Amino acid sequence: MHQNNIIAAIAAAITIIIATGCSTTRRIADDEILYTGVKKIKIETPKGVAQAPGLAADVKDAVNVAPNNSLISPYLRYPFPLGLWVYNNWSNPPKGFKHWIYEKLVAEPVLISDVRPEVRTKMIDEILDNNGYFRGSASYELVQGRNKKKASILYKVETGPEYLIDSVMLLPDTCHLNHIIDSITSINTYLRAGSRYCTDSLSATRINIANYVRNRGYYFFKPDYIEYLADSTINPQRIAIKMVLASNAPKGSYTRWSTGTITTVINRNKGGGTPDTFETRRGKIIQMMPSRLRRKLIPECITFREGKTFSVRDMNRTQTYLSRTGIFNNIEINAFPDTAGGKRVLDVLIDCTFDAPLEASLEVNVTSKSNSYLGPGLSFGVTNKNLFGGGEQLSLNLTGAYEWQTGRNRKGSIFNSYEVGISSTLAFPRLLIPGFIPHHRRELNWTRIALNVDLLNRPHYFRMAQFNTSINYDWRLNRFATNTFTPFKLTYTKLMNSTAEFDSIMRENPAIAESFKSQFIPQLAYNFVYDKDLDRDNSINWQFTVQEAGNVFWALYRLCGVKGEKRLFDTPFSQFVKGTTQLVYNRRLWGDNWLVTRAAVGAAHAYGNATQVPYSEQFYVGGANSIRAFTVRSIGPGSYKVPEHLINGYFDQTGTFKFEFNVEYRFPIYGPLHGAVFFDSGNVWLLKEDPLRPGGKLEGKSFFRDLATGTGAGLRLDIGMLVVRGDLGVGIHLPYDTGKRGYYNMTSFKNSLAFHLAIGYPF
């Protein structure tokens with residue numbers, strides 16, 4: 001099907017639509033009305049009565065029917081309803097190309113009769129009853145304009161008075177089960193006198209009670225076995241509640257069980273094999289041979305203990321710990337009653353199947369980096385997920401990428417590069433160190449040993465190689481806090497060759513040249529991440545990193561009496577300290593509308609064996625994940641303005657202190673398409689004076705004036721595992737003199753625009 005034919009057909013369709021008056025109701029029957037959305041939802045409560053939390057959202061969900069060409073359902077539509085125009089003004093050919101075009105463009109009208117508002121008001125009545133508004137009512141009316149065949153719907157909701165819990169009668173304390181149910185109910189924040197009656201809260205209370213007692217031996221207990229008897233006749237607008245246990249529960253539901261025998265079966269990935277049975281402190285293990293398994297691994301993951309009160313929590317934890325090893329593709333845990341000889345025990349059977357040990361991946365994709373470089377990439381990796389039988393992972397990866405920089409470039413040139421690299425990582429799912437690091441034994445901890453080689457080419461400037469090796473320890477104290485300690489990381493950067501243009505730039509600024517020299521960077525670092533959902537509407541993510549380089553080596557050299565510049569393998573090594581912190585706060589405004597705020601600060605200082613922090617460790621701003629009105633390394637340090645002949649170099653616009661602040665409002669548009677508006681501010685500064693970069697040093701009196709600011713809007717295609725993001729930034733303020741007075745000092749609106757295409761959210 002030729003592209004010209006498609007364009008011609010669409011043009012013809014548009015011409016027909018315009019010629020026939022663009023009607024969207026021509027084919028709608030006389031007794032039908034086109035639905036154009038919800039005009040408004042009015043919820044009225046009596047004076048002094050607070051609206052139940054979540055009531056407005058539940059009512060909206062009940063009436064949320066998207067009209068044709070919906071933009072923000074159910075309130076807002078976008079103009080030009082092409083699908084309705086085609087339906088009303090273009091006949092459907094039985095076959096052929098025009099039929100195909102018709103089917104692609106047409107949209108069936110959404111009618112008032114399809115929405116059935118009378119049914120939706122009944123749904124609202126049920127919602128009111130479930131929230132304790134038994135005298136509430138809902139109604140609707142159609143809001144029509146000049147075209148009587150179109151109407152939106154206005155819903156009116158009157159809650160009436162709220163009914164409160166008058167009293168709660170618990171179970172008689174005649175057995176252990178009743179006692180623990182009463183104990184958890186008595187501390188429940190909802191089920192007490194004075195609370196508003198709510199069926200959802202009563203249901204949640206039953207689930208909480210069931211989970212509580214199932215973790216105390218009553219494995220077969222279910223929420224349905226708790227029943228509520230309600231009486232609203234004792235006091236007006238009050239409900240007395242009595243809790244009872246269901247009389248028809250199956251045998252064993254009210255029995256308290258202990259843990260019996262524990263048997264774990266380890267199956268081969270391909271099935272079959274010869275069983276090898278051995279006893280451990282956590283039961284019997286039957287391993288199908290030949291297969292590779294470290295014998296201490298399974299007991300470390302099992303939280304059941306024979307004779308202990310049976311707990312569902314132990315079942316869930318065991319499942320989680322076995323899954324985290326990464327060596328099984330299927331894990332099943334079952335409990336079977338054993339009542340022989342009057343016993344009340346549950347025998348546990350754990351059935352695991354090994355995953356395939358080798359995993360290979362080949363990816364051809366678009367890579368996006370924090371420095372705003374975008375381009376096609378190729379990655380090939382091979383991983384052995386069970387190298388020594390204990391979940392050890394050996395990974396080898398080959399990568400290659402060709403990249404170009406996104407965003408506005410002030411000379412309009414394309415700043416291309418390529419990068420190739422090989423990396424290997426050996427990861428152990430435990431801490432291979434003495435026990436001086438406190439950690440939770442039941443959380444998955446990792447020891448990672450890595451070796452990487454990268455070659456970076458910047459056309460017209462330089463080619464640089466980087467080698468590094470490191471050892472990291474990752475551990476958790478709880479499910480919110482992650483720690484990473486790097487006791488050793490050694491990086492070697494080698495400037496392999498450079499162009500005359502690059503050399504001339506380095507000669508003009510010795511400080512920048514010093515940061516580019518070939519050198520070793522021996523480091524020690526610690527990283528802490530705290531990530532927690534405070535509730536369903538609020539979450540925070542705080543990251544803190546501190547690192548040092550060269551101090552241990554410098555101290556050893558001094559102990560040996562070496563003075564002056566100290567060298568490692570006849571190459572100088574860098575010496576500096578660096579710290580960064582970032583706080584991201586997410587606040588849900590309503591529905592899927594979020595306000596995300598980010599603040600980031602970093603500082604680095606070179607001393608002793610180095611006069612400058614290495615270029616790779618310095619800070620910069622701008623780009624897709626920073627201040628989006630400007631390209632990467634196009635701002636700073638401070639109020640420094642780059643000379644015209646260096647404007648595309650990006651070599652001197654780094655610093656040793658950074659501050660960034662971002663605010664972003666994210667909202668849904670349609671399906672996986674989301675939108676955002678944002679405000680960004682920040683800059684980098686120097687902690688040491690550099691005469692060749694005047695205005696670059698951090699000064700308190702000029703701090704706020706030195707902040708570059710911008711705003712903008714963006715679109716995000718969020719399909720779950722992948723987010724494709726496009727942001728258009730608009731500059732507001734440059735930190736240097738542009739010749740314009742006032743805070744808005746951009747030279748022109750056109751020159752203040754920057755577009756960035758990236759993968760993932762900016763923060």
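Is threonine 491 buried or exposed, and at what relative accessibility? Hold on to that one for a moment, and let me first say what we are looking at.

Hi everyone. This is a predicted model, where local features need pLDDT of at least 70 and side-chain atom pairs count only at pLDDT 80 or more, while totals for chains, interfaces and linings use all residues. Residues are numbered from 1 along each chain as its sequence is written, and side-chain values use heavy atoms, with hydrogens and water left out.

Now back to the opening question. Threonine 491 counts as buried because its relative accessibility is 6%. Buried means under 20% relative accessible area, exposed means over 50%, and partly exposed is in between, with a 1.4 Å probe and protein chains only. This threonine 491 sits in strand β20, residues 481-498. Helices here are DSSP runs of H or I with at least four residues, strands are runs of E with at least two, and both are numbered from the N terminus. Leaving out residues up to four places away in sequence, threonine 491 touches Gln466, Phe467, Asn468, Gln519, Phe520, Ile521 and Gln523. A contact, by the way, means heavy atoms within 4.5 Å.

Let's step back to the whole chain. There are 763 residues, and 45% of them are buried. The secondary structure comes to 13 helices and 31 strands, and the C-alpha trace spans about 90 × 85 × 60 Å along its principal axes. Among contacts with a separation of 6 or more, 63% are between residues 24 or more positions apart.

What about charge? The chain has 88 positive and 66 negative side chains, and the centres of the two sets lie 2 Å apart. Lys and Arg count as positive, Asp and Glu as negative, with His and the chain ends not counted. Each charge is placed at NZ of Lys, CZ of Arg, CG of Asp or CD of Glu.

Next, the inside. The largest nonpolar core has 27 residues, and Phe310 and Phe328 have the most contacts inside it. Such a core is a set of buried Ala, Val, Leu, Ile, Met, Phe, Trp, Tyr and Cys residues joined through side-chain atoms within 4.5 Å. At least two residues each come from β9 (258-267), α9 (297-301), α10 (312-324), β12 (328-338) and β13 (345-354). Of these, β13 gives the most, with five residues. If you zoom in on phenylalanine 328, its contacts beyond four places in sequence are Ile266, Ile298, Leu322, Cys352, Thr353, Phe354 and Asp355.

Which helix is largely enclosed by the rest of the structure? That is α3, residues 82-89, because seven of its eight residues are buried. They are Gly83, Leu84, Trp85, Val86, Tyr87, Asn88 and Asn89.

Apart from residues up to four places away, threonine 255 touches Gly217, Tyr218 and Arg344. Lysine 242 lies in strand β8 and, at 37%, counts as partly exposed. Its contacts, leaving aside neighbours within four places, are Met169, Glu227, Tyr228 and Leu229.

Last, the cysteines. Cysteine 175 is partly exposed at 35% relative accessibility, whereas cysteine 560 is exposed at 66%.
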